[in-house]
Structures are given as structure tokens and as C-alpha cells.
Amino acid sequence: MAVFKGAGVAIVTPFNQNNEVDYEKLGELIEFQIANGTDSIIICGTTGEASTLTHEEHLECIRYTVEKVAKRVPVIAGTGSNCTNTAIYLSKEAESYGADALLVVTPYYNKATQKGLIAHFTAIAESVSIPVILYNVPSRTGCNILPQTIASLVKNVKNIVGVKEASGNIAQVAEIMQLTGGKIDLYSGCDEMVVPVLSLGGIGVISVLSNIAPKETHDMVAKYLEGDVIASRELQLKYLPLINALFCEVNPIPVKKAVNLMGFQAGALRMPLTDMESANVERLVKEMQAVGIKTIA
């Protein structure tokens with residue numbers, strides 16, 4: 001059984017005025033998501049600024065989220081690292097807190113060969129008993145998990161069950177499904193490609209858009225899986241300008257601004273990320289309002 005089907009939110013991490021994690025605000029965001037139909041909470045991913053969290057903050061965010069969600073929807077913990085031992089440590093801790101699954105990103109900076117990727121992901125998966133979803137985002141990591149590598153991992157490591165595919169290469173997505181015989185839980189990692197990925201056998205999206213439009217992103221997937229492809233496609237196209245605005249600067253700069261514009265007080269970004277350019281803020285506000293999202297600006 002899949003960890004989840006539908007739209008999972010790659011949730012932002014709110015910070016207070018002292019640039020510390022604001023757990024009260026994180027709780028508010030979690031409740032907003034669940035109330036609006038989000039199918040899973042993904043904590044400490046790229047959108048959650050995991051790379052700027054200390055190990056203690058990282059683990060406390062996972063622990064807090066598991067307790068706050070209280071099994072209402074699955075919690076998937078981002079536990080990837082460019083150090084295999086660190087990823088194993090984070091993964092084992094997340095499992096001990098009760099996370100339902102792990103999202104493990106491709107090693108960044110030091111990269112790895114395909115042989116190295118197999119060794120890396122296998123070691124992490126074998127250190128835990130909960131499901132593991134691979135996260136392929138070569139634009140950020142500089143390292144692409146080839147379809148053949150994904151097929152090998154899914155075949156040979158029993159708890160590697162899925163992939164968040166954010167290469168932006170639909171041909172690569174098709175090859176993954178062909179090589180695995182469709183026996184993999186495929187999630188779009190690109191909000192602008194949800195429907196194309198679903199058309200190849202995907203079962204959902206791990207989404208940035210869901211931070212500000214959780215119900216609509218859920219519906220985009222649910223309608224497709226129910227057989228209403230036209231309605232799903234209409235939502236994809238309707239939200240495309242907003243999706244483009246959410247990625248007009250590096251993620252999560254725009255989406256955290258959008259969450260603040262909605263009045264959630266998610267706080268500032270941690271350096272090296274900086275505030276959004278004013279012209280891009282205007283564009284973001286325009287596109288949010290165009291789809292009926294109220295802003296305080």
C-alpha cells in the first residue's frame with residue numbers, strides 16, 4: 001500500500017523574530033493543511049529550509065509534526081544528507097518518533113556515481129523499517145538518479161517504495177515507469193507537471209503549491225485518479241501562472257512570502273536565502289489574487 005495518494009505538502013518551516021523555529025506557527029500551518037484536505041505532511045524538505053536547520057532543530061521539527069498530526073494523515077520526514085552516516089542517523093531518529101515514511105534526497109555537492117547512489121540509498125533504507133521515497137532533484141543537487149538506478153533500488157531494497165521525481169524531464173519519468181513495470185509509487189516533484197506525471201502512472205505530488213492552495217492541489221490529483229481528467233487538467237492550467245510565480249526566485253523564497261501574505265506569519269528566511277525582489281512580490285500577489293487567494297498586501 002502506498003504511503004499516500006494525492007497531494008502532500010512540502011511544508012515551510014516558520015521562524016520567529018529571533019530566527020528560531022516557531023513551533024506554534026508550524027502547528028497552525030499543519031492544522032490549515034489538514035483542514036483543507038492535504039493528503040500528507042512532508043516536513044524538513046527543501047521547502048522547509050532543512051539545509052539551514054541544525055540537527056537538533058531538524059529532529060525536533062519531525063518529532064513535533066508527528067505528535068501534532070497524530071496519525072490524521074501520513075507524516076513523511078526529510079532525512080537526506082550528502083553524508084550517508086548523517087542520513088542514517090536522521091532516518092533512524094525520525095522512525096523512532098513515529099514518522100510514517102522518509103523522503104531521502106540525492107547527495108548534493110559531493111554528488112556520487114550511480115554505483116555510489118545505490119550504496120547510499122541502500123544503506124539508509126536498510127537502517128530503518130519504514131518506507132523510503134527517493135527524491136531526485138538534479139537542478140539543486142547536481143546529481144541525477146538515472147531510471148536504471150531507480151529500477152534497481154526498487155527491485156532490490158524492499159522498503160524503497162517510491163520516488164519524488166523533480167528532474168522536470170517527462171521522458172525520464174516515462175522510462176522510470178517502463179523499467180519498473182509501474183511497480184513504484186511515483187510522485188511529481190514539479191507542480192507544473194502534476195497531470196503529465198499522473199498520466200504516466202503517478203499517484204500524487206509532493207507540492208510547494210499546496211502550502212497556499214491545499215484543497216485545489218488535492219483536487220487536481222483526486223479528480224484525475226477518479227477519472228475526471230478534464231477537471232484535473234483545468235486546475236493544472238488555471239494554477240500554472242501562480243506556480244510559475246512561486247518559482248520565479250529560488251524555492252522557498254516565493255512560497256514563504258506567499259504564506260506570509262496570507263497572514264500566517266511564517267517569518268523570514270534563513271541566509272543565504274534573502275527577501276524576494278519587490279517586482280516579483282507584485283507578480284506573486286497578482287497571481288494569488290487571480291485564483292482567489294486573499295492577501296494582506
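**Why these labels?**

Tutor: Phe4 has a relative accessibility of 4%. Keep in mind that this is a predicted model.

Student: Why is Phe4 called buried?

Tutor: Buried means under 20% relative accessible area. Phe4 is at 4%, so Phe4 counts as buried.

Student: What makes Tyr187 buried?

Tutor: The cut-off is again under 20%. Tyr187 has a relative accessible area of 0%, so Tyr187 is buried.

Student: How many aromatic pairs are there?

Tutor: The count comes to three. Phe4 and Tyr187 form one of them.

Student: Why is the pair of Phe4 and Tyr187 called stacked?

Tutor: Start with the distance. The centres lie 4.6 Å apart, and the limit for a pair is within 6.5 Å. Now the angle. The planes are 15° apart, and under 30 degrees counts as stacked. So the pair is stacked.

Student: What makes this a link between distant parts of the chain?

Tutor: Phe4 lies in the segment before strand 1, while Tyr187 is in strand 7. They are 183 residues apart.

Student: Why is the pair of Tyr23 and Tyr64 called tilted?

Tutor: The centres are 5.5 Å apart, and a pair needs them within 6.5 Å. The angle between the planes is 50°. Stacked needs under 30 degrees, edge-to-face over 60, and the rest is tilted. So 50° makes this pair tilted.

Student: Where do Tyr23 and Tyr64 sit?

Tutor: Tyr23 is in helix 1 and Tyr64 in helix 2, 41 residues apart.

Student: Is Tyr64 buried or exposed?

Tutor: Tyr64 has 18% relative accessibility. Under 20% is buried, so Tyr64 counts as buried. Tyr23 is at 23%, between the cut-offs of 20% and 50%, so Tyr23 is partly exposed.

Student: How do you know that Lys164 lies over the face of Tyr135?

Tutor: Lys164 is 4.1 Å from the ring centre. The distance limit is within 6 Å.

Student: Which sense of pairing does the barrel have?

Tutor: Parallel. Eight strands close into the barrel, in the order 1-2-3-4-5-6-7-8. The twist averages 25° from one strand to the next.

Student: What makes strand 2 and strand 3 a pair?

Tutor: At least two bridges are needed. Strand 2 and strand 3 have three, so they pair. Ile43 stands opposite Ala77 in strand 3.

Student: Why is Val21 called buried?

Tutor: Val21 has a relative accessible area of 9%, under the 20% cut-off, so Val21 is buried. Val21 is in the loop between strand 1 and helix 1. Its contacts include Phe15, Leu53 and Arg270.

How values were computed:
Residues are numbered from 1 along each chain as its sequence is written. This is a predicted model: local features need pLDDT of at least 70, side-chain atom pairs count only at pLDDT 80 or more; totals for chains, interfaces and linings use all residues. Side-chain values use heavy atoms; hydrogens and water are left out. Rings of Phe, Tyr and Trp (its six-membered ring) pair if their centres lie within 6.5 Å; planes under 30 degrees apart count as stacked, over 60 as edge-to-face and the rest as tilted. Helices (H or I, at least four residues) and strands (E, at least two) are DSSP runs, numbered from the N terminus. Buried means under 20% relative accessible area, exposed over 50%, partly exposed in between (1.4 Å probe, protein chains only). A charge sits over a ring if NZ of Lys or CZ of Arg is within 6 Å of the ring centre and within 35 degrees of the ring normal. Axes are lines fitted to C-alpha atoms, for helices over the stretch in contact, and angles run from 0 to 180 degrees between N-to-C directions. Contact means heavy atoms within 4.5 Å. Lists of a residue's contacts leave out its neighbours within four places in sequence.
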